[in-house]
Amino acid sequence: MDKKEEIMQSAIHLFSKKGYSATSVQEIANDCRISKGTLYNFFDSKEELLIQVIRHNHRKMLEQAENLNLESSLPPKEKLIQKIVIQFDGIRENKDYLSMLLTASPPHDNPKISLLMKRIRITMTNWYKDCFMEAYGSQVEPYIWDLALMFQGTLKEYTSMIFRDHKELDFEEVARFVVERFDTMIQHTRDAEPVLPPWQMEEYEAFKPNLEPKTPEQQMEELLEELLEKVKKLTLHDEAKEEYILAVQALQKEIHEKKPKTFMIKSLLLFLAEIKECEPLVRRMERFLKTLQTT
């Protein structure tokens, strides 16, 4: 992790814990063990730091969503369920960032922040719209924007329950329950007039996120690098930390083999999942490996 990202991670942690207004630039610098002047070499102000934090994490989560490669034989509704489960996994891994957005009260009177939050909202609504179009096709097209908005709102409330109110809910159970309820609604909604017809959503329909899709290999490499960085930052005695680092390196080597041994990968992931701080990332890697298209 480079110094700029380290500063952003410290900012996320402090903003989520204390709130944006109550966190000073000096506190963020102290948390990174750098001077305030060094921090200003990377970010012009606290607001600029917040903007970069939001932009960086949104892009990261959007890349994960855009690059999902689900098994092609899965039924359309099951694909939708698994997409939501993977999204929940990504949110869990970035729970400090989510907590920051839910509780930190960023200054929305700043035009840059307001515009950025609007772009995020439009991007995610489009992603849900595309998910439903892929799952149900033309039958939902007349009221697709209403559907996407209701679905997004429902998941937002469950997300808040899980991560802000600390409810112990199973991600797959939530995703399956919500998708099945919407499936019932879709099957009984034929001639309903949409509240949000296409002409009302022209701004949303015209919006295109500027992202180049990454290959599954690139995504896996990023996950492995992220896991290695997490292990290196663990507060363990040297012998234990070295053992976990060797496990990640062995995992990297095995995944890059022409014919990787499944039992070896599963064993190494099981071992690494013992680390509480790494468990969410390991679970996401397991799901990613399961959903990769077979070639």
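The model is predicted, and its secondary structure comes to 14 helices and 0 strands. Buried residues make up 47% of the 295 residues in the protein chain. Among contacts between residues at least 6 apart in sequence, 72% join residues at least 24 apart.

**Nonpolar cores**

- In soluble globular proteins, nonpolar side chains tend to be buried together.
- The largest nonpolar core of this chain holds 61 residues, and within this core F132 and F151 touch the most other members.
- At least two residues of this core are supplied by each of the helices α1 (3–18), α2 (25–32), α4 (46–66), α5 (76–93), α6 (95–103), α7 (111–136), α8 (144–163) and α9 (171–187), and the largest share, 12 residues, comes from α7.
- When residues up to four places away in sequence are not counted, F132 touches L80, G137, V140, I144, L147, F151, F182 and I186.

- Two packed helices are described by the angle between their axes and the distance between the axes.
- The axes of α8 and α9 come within 11 Å and cross at roughly 155 degrees; because angles over 145 degrees count as roughly antiparallel, α8 and α9 are roughly antiparallel to each other.
- The crossing of these two helices, α8 and α9, is right-handed.
- On the α8 side the contact is made by L147, M150, F151, T154, L155, Y158, I162 and F163, and on the α9 side by F171, V174, F177, V178, V179, F182, M185 and I186.
- Sorted by class, the contact of α8 with α9 has 15 nonpolar residues, 1 polar residue and no charged residues.
- F151, F182, L147 and I186, which take part in this contact, are also among the residues that F132 touches.

**The pair α1 and α2**

- The axes of α1 and α2 come within 9 Å and cross at roughly 125 degrees, and α1 and α2 are therefore oblique to each other.
- In passing α2, helix α1 makes a right-handed crossing.
- From α1, the residues K3, E6, I7, S10, A11, L14, F15 and K18 meet E27, I28, D31 and C32 in α2.
- By class, the contact of α1 with α2 has 6 nonpolar, 1 polar and 5 charged residues.

- Q52 lies in helix α4 and has a relative accessible area of 19%; since buried means under 20%, Q52 counts as buried.
- Leaving aside residues up to four places away in sequence, Q52 touches K4, M8 and F43.

**Two loop residues with positive phi**

- R33 is not a glycine, although this residue has a positive phi of about 60 degrees, and its place is in the loop between α2 and α3 (36–42).
- With a relative accessible area of 77%, R33 is exposed, because exposed means over 50%.
- H166 likewise has a positive phi of about 60 degrees although it is not a glycine, and H166 has its place in the loop between α8 and α9.
- At 62% relative accessibility, H166 counts as exposed.

How values were computed. Residues are numbered from 1 along each chain as its sequence is written. This is a predicted model: local features need pLDDT of at least 70, side-chain atom pairs count only at pLDDT 80 or more; totals for chains, interfaces and linings use all residues. Side-chain values use heavy atoms; hydrogens and water are left out. A nonpolar core is a set of buried Ala, Val, Leu, Ile, Met, Phe, Trp, Tyr and Cys residues joined through side-chain atoms within 4.5 Å. Buried means under 20% relative accessible area, exposed over 50%, partly exposed in between (1.4 Å probe, protein chains only). Helices (H or I, at least four residues) and strands (E, at least two) are DSSP runs, numbered from the N terminus. Contact means heavy atoms within 4.5 Å. Axes are lines fitted to C-alpha atoms, for helices over the stretch in contact, and angles run from 0 to 180 degrees between N-to-C directions. Angles under 35 degrees count as roughly parallel, over 145 as roughly antiparallel, 65 to 115 as roughly perpendicular and the rest as oblique. A crossing is left-handed if the near helix is turned anticlockwise from the far one by less than a right angle, and right-handed if clockwise. Ala, Val, Leu, Ile, Met, Phe, Trp, Tyr, Cys and Pro count as nonpolar, Asp, Glu, Lys and Arg as charged, and the others, Gly among them, as polar.
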